[in-house]
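Q: Please take a close look at a single residue of this protein and describe its surroundings. An account of the chain as a whole may come before the detail.

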Amino acid sequence: MTIWRSKVRNSVSIFLAAFSFSFVCQVQAHHSFATYDIDNKIQRTGVLTKFEFAQPHIQLVLEAEREDGSTETWEIESMAPRRWDSFNHSRDVASIGETVTILGWPARDGSDRMVLSAIITERGTTVILERVRQRRARENIPDVTIERE
């Protein structure tokens, strides 16, 4: 009977250790900005089609018109809603259907994704978010440093 209990305890301990390790890895990976080019910023102006305060991050979608008239759809990630609120940013800074200008760090893979740095509305409201907490990250709103065609 004691051998059985010992095996069960060992199995439970191994399971809990593996579960805890996988959770820690997910949390650590969750906060990495490695997929974004944090040394450069881009700017896009377009119509906001999504502004969702959901965990783990606020999600925005921007429909921007290219010079040739076609549309590009930008998926934009921001901070956690709780952090947004702690900085006293208004949740109604922008509305769906409103034209806004977004500044952010683009995805390294060239896809239409970025991390939000600032949002500027037609009404003149500007929300500047904290800088990315990553080595070599630049301050919040430098001039746009790269242009994408």
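A: A residue is called buried when its relative accessible area is under 20%, exposed when over 50%, and partly exposed in between (1.4 Å probe, protein chains only). By that criterion, 34% of the 149 residues of the protein chain are buried. The model is a predicted one, in which local features need pLDDT of at least 70 and side-chain atom pairs count only at pLDDT 80 or more, while totals for chains, interfaces and linings use all residues. Residues are numbered from 1 along each chain as its sequence is written, and side-chain values use heavy atoms, with hydrogens and water left out.

The protein chain contains 2 helices and 6 strands, arranged from the N terminus as α-β-β-β-α-β-β-β. Here helices (H or I, at least four residues) and strands (E, at least two) are DSSP runs, numbered from the N terminus.

W84 is buried, its relative accessible area being 0%. Contact means heavy atoms within 4.5 Å. Neighbours within four places in sequence aside, W84 is in contact with F51, F53, I58, S78, M79, H89, S90, R91, V93, L116, V127 and L129. L129 stands 45 residues from W84 along the chain, yet their C-alpha atoms are separated by 8.5 Å.

Two residues in that list also approach the side chain of W84 through their backbone. A polar atom of this side chain lies 3.2 Å from the backbone oxygen of H89 and 3.3 Å from the backbone oxygen of S90.

Key
A polar contact is a pair of N or O atoms within 3.5 Å; within protein, one must be able to donate a hydrogen and the other to accept it, and residues adjacent in sequence count only if both atoms are side-chain atoms.
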